[in-house]
Amino acid sequence: MDLADLSFDKYVYLSMKKNRKKILAISGSTRSKSTNESVLQVIAAWYADVLDVRVYQGIANLPHFNPDIADDALPAAVKEFRTLVDQADGVIICTPEYVFSLPGSLKNAIEWTVSTTVFSHKPVALIVASASGEKAFEALKLIMSTIEAKISDDASLLIQGAKGKFDKDGKAIDEQVQESLKKVTDGLIAMIKQTRKEMLESYNG
Ligand SMILES: Cc1cc2nc3c(=O)[nH]c(=O)nc-3n(C[C@H](O)[C@H](O)[C@H](O)COP(=O)(O)O)c2cc1C
């Protein structure tokens with residue numbers, strides 16, 4: 001492609017697309033037509049110009065965590081999950097609350113990363129979209145800070161009464177929720193930029 005043939009707007013657009021930040025989006029719900037997966041798809045669509053969002057579809061295929069399984073005998077699905085987290089500039093976790101805690105499938109996925117550093121200093125946005133969700137929200141913040149993920153209030157959100165705030169196609173119909181989702185995503189982008197700046201500064205001494 002000859003750059004001279006491009007309009008300035010098109011050039012800016014293509015450069016932005018090339019430099020999109022890689023985001024791994026993890027839904028804690030394995031339900032088809034999940035509200036939580038819809039939240040992730042909504043963010044992916046809104047931010048398509050600046051974020052390359054991959055909604056992880058493998059959570060239900062991860063085997064049960066077992067510390068006896070050595071690193072050289074890891075199931076392929078686990079290796080893939082760890083690599084996806086490791087290679088992402090940032091992660092968004094969006095989950096319902098089950099029985100006042102995190103769904104087992106999400107907790108299981110996180111457990112597979114505990115002996116690694118894939119989440120260490122990784123910018124992670126935390127969203128709980130549930131009926132109530134307070135306990136899961138607190139648990140998620142505790143778990144992710146324990147494994148040294150970078151989290152912040154600006155990139156954390158509890159959406160209560162979630163089902164009534166999205167239509168049957170998963171579109172956010174509540175204006176306040178739309179605003180909050182944008183604020184959380186902007187908070188994640190700010191954390192990614194800050195992390196890059198800190199890395200460059202430590203690299204340059
Ligand atoms: C087994 C089970 C347990 C649940 N327990 C809770 C709970 O403790 N707190 C809560 O807020 N919602 C609870 N819910 C409701 C879900 O969080 C709610 O329906 C949520 O919107 C589902 O998200 P999804 O549409 O992404 O699957 C429970 C649902 C199920 C299936």
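A residue is called buried here if 20 or more other C-beta atoms lie within 10 Å of its own, exposed if 12 or fewer, and partly exposed in between, with C-beta atoms placed from the backbone. Keep that in mind for strand S4 (residues 124-130): seven of its seven residues are buried, so the strand is largely enclosed by the rest of the structure. This is a predicted model, in which local features need pLDDT of at least 70, side-chain atom pairs count only at pLDDT 80 or more, and totals for chains, interfaces and linings use all residues. Residues are numbered from 1 along each chain as its sequence is written.

- Strands (E, at least two residues) and helices (H or I, at least four) are DSSP runs, numbered from the N terminus.
- Val124, Leu126, Val128 and Ser130 point one way from S4, while Ala125, Ile127 and Ala129 point the other way.

**The neighbours of S4**
- Strand S3 (residues 90-95) pairs with S4 in the parallel sense over five bridges; strands pair if DSSP finds at least two bridges between them.
- In this pairing, isoleucine 92 stands opposite alanine 125.
- S4 also runs parallel to strand S5 (residues 156-160), joined by five bridges, and isoleucine 127 stands opposite leucine 157 there.

**The ligand**
- The ligand is surrounded by 16 residues, the closest being Ser29, Ser34, Thr35, Asn36 and Pro96; a residue is near a molecule if its C-beta atom, placed from the backbone, lies within 6 Å of it.
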